[in-house]
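Biologist: I'd like to learn how to read a fold from its coordinates. Could you take me through this one?

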Amino acid sequence: MKKKDLEIRLQGLAPFKEPKVGLEQYPTNSSIATDILFEAYANGDIAGKDVVDLGCGTGIFAIGAALLGASSVKAYDVDADAIDVARMNAADLGCEVDFVLSDISKVEGRCDTVLMNPPFGSQKKHADRPFLRKAMEMADSVYSIHMACTLDYLREETEASSRSIVGHRIYKYDIPHTFSFHTKTKKSVDIVAINIR
C-alpha cells in the first residue's frame, strides 16, 4: 500500500463521539500517524509482526498497522466509547484488530512493536509515564508521540530502563477546539514522535 493511500484511508476514520477531557482524547492527525506508521514499516517493525496499540482511542495506529500487514494487532483503551468507535472504524476498513477494554496497568504480554499516542500530561502531569514504561516492558521497538518539550525527560525515562531513543521527529500539531475551556479555534503545539529500542 502506498503512503498516500494509507493516509486517505486513515483520514476517513470516525472521530471520538464525545471526547473526555480527563483522558485527553484528541484526534491523532492522520498525516502524522501515516508518517510514523511508514517509518515503522520501513524499519521492519510492522509487516509480519505482532503489534500493540496502547491507549488506542479511535484506532488509528492499530488499523494502520493492520493495513500494512501486521500478523496480529491488539489495541487497548480504558474508554468503552472509544473502543466502540475503534471497532466500527476497523470493521469499515475490513481490518482484523483485537480491541480490549483495559486500564494500562492491567495490560500484560509481549509483542514485537508498540505504537501509541498516550495522554500528553496536560491534565495530569506525567500521564504518559505508565504508557511509556508499559510499552518498553512489552516490546523491543516502540513508536510514541509526546510533547516536544519533554524530550529530555523521555530520554531519562528510556535510559532508566536501559533503552534509548534511536530516532525522533518534531511535528506541528493543531489541537482543534474540542472542550469548553478551549478559547481558540485551534492551537498549534510542537510534538515529538520517538522510536525507542
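Biologist: What covers the buried residues of α5?

Modeller: The cover includes β1, β4 (111-116), β5 (139-147), α6 (151-160) and β7 (186-196). Cover is judged by contact, meaning heavy atoms within 4.5 Å. Helices (H or I, at least four residues) and strands (E, at least two) are DSSP runs, numbered from the N terminus. This is a predicted model, where local features need pLDDT of at least 70 and side-chain atom pairs count only at pLDDT 80 or more, while totals for chains, interfaces and linings use all residues. Residues are numbered from 1 along each chain as its sequence is written, and side-chain values use heavy atoms, with hydrogens and water left out.

Biologist: Which are the buried residues of α5?

Modeller: Buried means under 20% relative accessible area, exposed over 50%, and partly exposed in between (1.4 Å probe, protein chains only). In α5 the buried set is F131, L132, K134, A135, M136 and M138. P130 also sits in α5, which spans residues 129-138, but P130 counts as partly exposed because its relative accessibility is 41%.

Biologist: On to the strands. How many bridges join β1 to β2?

Modeller: Two strands pair if DSSP finds at least two bridges between them. Strand β1 (residues 50-54) has 5 bridges to strand β2 (residues 72-77), and they run parallel; D53 stands opposite A75 in β2. On to strand β3 (residues 98-101): β2 pairs with β3 in the parallel sense too, over 4 bridges, with D77 partnered by L101 in β3.

Biologist: Which unit do β1, helix α3 and β2 make?

Modeller: A crossover is right-handed if, with the strands pointing away from you, the path from the first strand over the helix to the second runs clockwise. With helix α3 (residues 60-67) between them, β1 and β2 form a right-handed β-α-β unit. Helix α4 (residues 80-92) does likewise with β2 and β3, again giving a right-handed β-α-β unit.

Biologist: Which residues in α4 are buried?

Modeller: They are A82, I83, V85, A86, N89 and A90. They lie on the same side of α4 because they cover an arc of only 165 degrees around the axis, taken from the directions from the axis to the C-beta atoms. A91 and D92 are exposed on the other side of α4. The cover over the buried residues includes α3, β2 and β3. Just after α4, G94 has a positive phi of about 65 degrees.

Biologist: How many residues has the largest nonpolar core?

Modeller: A nonpolar core is a set of buried Ala, Val, Leu, Ile, Met, Phe, Trp, Tyr and Cys residues joined through side-chain atoms within 4.5 Å. The largest here has 40 residues, and I36, L37, F99, L115 and I191 have the most contacts inside it. Elements giving two or more residues to this core include α3, β2 and α4. Apart from it lies another core, of 23 residues, among them I104, A139, Y153 and I196.

Biologist: What is F99 in contact with?

Modeller: Leaving out neighbours within four places in sequence, F99 contacts C56, G59, A62, A75, I83, A86, R87 and A90.

Biologist: And where is T28 found?

Modeller: T28 lies in the loop between α1 and α2. Not counting residues up to four places away in sequence, T28 touches A33, I60, F61, N117 and I145.
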